[in-house]
Amino acid sequence: MKVQYFAASTLDGFIATEDDSLEWLFALGELDNSSYPTFIANVGALVMGSATYQWMLNNAEQVAAETGSSWPYSQPTWVFSSRKLPLIEGANIHFVQGKIAPVYAEIQSVIGDKNIWIVGGGELAGQFYDANLLDELIIQIGSVTLGKGKALFPRRLLAPTLKLISVHPMGEDMVELHYTVEHKTKLAEC
């Protein structure tokens, strides 16, 4: 089992605008020309923050038009949120808050050896990294810049903690970078 942060980013390191828009992404690349089909086949659970979940709620019609369903995932999903959010009908959603490690243990007990996908956002992926539970980053970088917005991975990584294992062009507009994370000493209280 691996914990993987699979996300798209602008060239200057943002996953969304300041108001959580992903419009910059829709004109770029195609999922079928990436590792996504193979990746999602090995995912046993999704983890996301409240802003990502709220985006899914706010854009349910667009998501349904593109995928055939307002909730296109069959896997159970854990949503980290300190606020009350509505449940998407037909989705297997678990709302949680607090420390990462206990939720990770709960997810692990449900999915066995399947992978956990951190859908978004960057801060949540950073918290998994802080807890020494992040194994891989799969980042699709688009040929656009925003200047400001929601950061891809708001952590300072100065030591060689990421190892590039593959680079895959996705047409003329995107490239996919796949990194493994070199684990540091376990942190007990994350």
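## Packing of helix α3

In this predicted model, the buried residues of helix α3 pack against α1, β3, α4, β4, β5 and β6 (115-120). Helix α3 spans residues 50-58, and its buried residues are Ser50, Thr52, Tyr53, Trp55 and Met56.

## Valine 63 in helix α4

Valine 63 belongs to helix α4, which covers residues 60-67. Its relative accessibility is 8%, and because buried means under 20%, valine 63 counts as buried.

Valine 63 and aspartate 12 are 51 residues apart along the chain, and their C-alpha atoms are separated by 26 Å.

Strand β4 (residues 77-80) is covered on both faces. Thr77 and Val79 lie on one side, Trp78 and Phe80 lie on the other, and all of them are buried.

Strand β4 pairs with β3 (residues 43-49) in the parallel sense, over four bridges. Within this pairing, phenylalanine 80 of β4 is the bridge partner of glycine 49. Strand β4 also pairs with β5 (residues 93-96), again in the parallel sense and over four bridges. Here the bridge partner of threonine 77 is isoleucine 93 in β5.

## Salt bridge between aspartate 20 and lysine 150

Side chains of opposite charge can pair when their charged atoms come close. The count of salt bridges in the model comes to five. One of them joins the side chains of aspartate 20 and lysine 150, with an N to O distance of 2.7 Å. This pair links distant parts of the chain, 130 residues apart: aspartate 20 is in the loop between β2 (14-16) and α1 (23-26), whereas lysine 150 is in strand β8 (residues 150-151).

Both partners are classed as partly exposed. Aspartate 20 has a relative accessibility of 27%, and lysine 150 has a relative accessible area of 31%.

## Network around arginine 155

Glu123, Asp130 and Arg155 are linked in a network of salt bridges. Glutamate 123 forms a salt bridge with arginine 155, with the closest N and O atoms 2.9 Å apart. Glutamate 123 is in helix α6 (residues 122-130) and arginine 155 is in the loop between β8 and β9 (162-170), so that this pair links distant parts of the chain, 32 residues apart. Aspartate 130 likewise forms a salt bridge with arginine 155, and the closest N and O atoms are 2.9 Å apart. Because aspartate 130 lies in helix α6 and arginine 155 in the loop between β8 and β9, this pair ties together parts that are 25 residues apart in sequence.

The relative accessible area is 39% for glutamate 123 and 24% for aspartate 130, while arginine 155 has a relative accessibility of 22%. Arginine 155 counts as partly exposed rather than buried, because buried means under 20%.

Methods
Residues are numbered from 1 along each chain as its sequence is written. This is a predicted model: local features need pLDDT of at least 70, side-chain atom pairs count only at pLDDT 80 or more; totals for chains, interfaces and linings use all residues. Side-chain values use heavy atoms; hydrogens and water are left out. A salt bridge is a side-chain nitrogen of Lys or Arg within 4 Å of a carboxyl oxygen of Asp or Glu. Helices (H or I, at least four residues) and strands (E, at least two) are DSSP runs, numbered from the N terminus. Buried means under 20% relative accessible area, exposed over 50%, partly exposed in between (1.4 Å probe, protein chains only). Two strands pair if DSSP finds at least two bridges between them. Contact means heavy atoms within 4.5 Å.
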